[in-house]
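My notes follow as numbered points.

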Amino acid sequence: RGRFNFRKLTNGHYTLVLSSVSYKTKELKVALPSDNGVVVMDSVILEPTTQELGEIVVTGNASKYNTRDISNSIRLGQPLLRIPQNVQVVGNQGSARGAGRDGLANSVRAQGRGRMAGSNVTVTANQGNAQQGVANSVDVAGTLQGGSITILGNQGSARDGGTVNSVVGNGRISGGQITIVGNTGSAHAGLANSVRADGNVTASNITILGNQASVQGEGSKVNSVSGSGSIRGSQILIAGNTGRASGGGLVNGVHNRGALAGAQVVITGNQGSATGGGTVNSVDNRGRLSGRVLIAGNRGSATLGGTANSLVNQGVMSGTVVIAGNQARAAAGGVASSVINQGVITGAVAIVGNLSVAAAGMTTGSVRNVGGAVTGMVGVTANTPSAANPGYTYTTPSVGVINQSVTVTPAMNLLSM
């Protein structure tokens, strides 16, 4: 788009060719009556094209880059990819180190003006490390519409806020398919094998399947979905992953600080352990969450304040929560196969058929309301207690042990086995 002037032309006939990526080329015949004569033309509008471009492949490189450099990667700063593309980053080795998001290795980044529509992006079989940078990942600060992102079979580690084997960004993803499968990673105050959405995700499917990872340090997340943005009308499946968390990390779970609306969240068939405040196979909601949450068939352990196979709500949760068929062990202040509410829950909560081991100072197979509000049904079936809240019931507390219980205060529904 713009205005153009051509000077010092001799008289005669000229062909003016106008072209741009993703648009049909147009040719115009122009007659110049005299040397340095003036011809004023009307505006010309180019038509979009449906032409397919070839694949973009970055493959088989080994290198190491530092701050502000790009290693074996693709960076889009303009809205160039408006027609379907295949983008592949395959079999590379690299490391990224840089302040903020500067370092980039074995990755694809769509910056603020970058746009990818109907494209397939695959990052597979790479080895990379990220320290405050991004490796083996896709970073969407622009727009991804109606395409797919696959992070497959990569290995890497992330520390000091780094990201590896993941999809991150504060941009917009709509109608897409995000799959993170078969990766191995570790994170120390970082992110691995995960999706972090600080922008908008709409009508998309997110699958995190068969990954292995370990995480250490507050804020670290592996095999997980997290974000402070908006995820609407989407399906989230976290299945068959293995991981461990210590010191406040999240493994095989969902951590929501924004709006997760009309979502279907399924956490199933995972194995994990949490120590010292870590969270595994669980949903930690601190924003607004509506839809259905199913936590089923997982195996987890929680010690020293850890949380396993549970929903911890500090925001507003509406819809249905089912925690079923899990195996869990809680020790020394841990929480397993439970709902802990410090916010507002409207709807139904069911904890069904879980196998839990509890002792002094532990919470298993329970619904607890700590200074929040529960309106609707709560329950622990199989081992009984259930309360149609609001209402008044009675309490038979076990000293130091909360097992197969419903505790709702100040609504005064206190039930225990």
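1. Residue classes come first: Ala, Val, Leu, Ile, Met, Phe, Trp, Tyr, Cys and Pro count as nonpolar, Asp, Glu, Lys and Arg as charged, and the others, Gly among them, as polar. With those classes, the lining of the largest cavity divides into seven nonpolar, four polar and three charged residues.

2. This is a predicted model, where local features need pLDDT of at least 70, side-chain atom pairs count only at pLDDT 80 or more, and totals for chains, interfaces and linings use all residues. Residues are numbered from 1 along each chain as its sequence is written, and side-chain values use heavy atoms, with hydrogens and water left out.

3. Two cavities reach 30 Å³ or more. A cavity is a set of points, on a 1 Å grid over the protein atoms alone, where a 1.4 Å probe fits but cannot get out; lining residues have an atom within 4 Å of a point. Volume is the space filled by probe spheres set on the points, with grid points joined across faces, edges and corners.

4. The largest cavity holds about 70 Å³ of space. Its lining counts 14 residues, and Gly169, Ile173, Arg196, Ala197 and Val201 lie nearest the centre. Two or more lining residues come from each of β19 (167–169), β20 (172–174), β24 (195–197) and β25 (200–202). Strands are DSSP runs (E, at least two residues), numbered from the N terminus.

5. The second largest cavity has a volume of about 40 Å³. Among its lining residues are Ala197, Ser226, His255 and Leu260. β34 gives the most, with three residues. The lining divides into four nonpolar, six polar and no charged residues.

Technical notes:
On a 1 Å grid over the protein atoms alone, a cavity is a set of points where a 1.4 Å probe fits but cannot get out, and a pocket is an open set with protein on both sides within 12 Å along at least five of seven lines; lining residues have an atom within 4 Å of a point. Helices (H or I, at least four residues) and strands (E, at least two) are DSSP runs, numbered from the N terminus.
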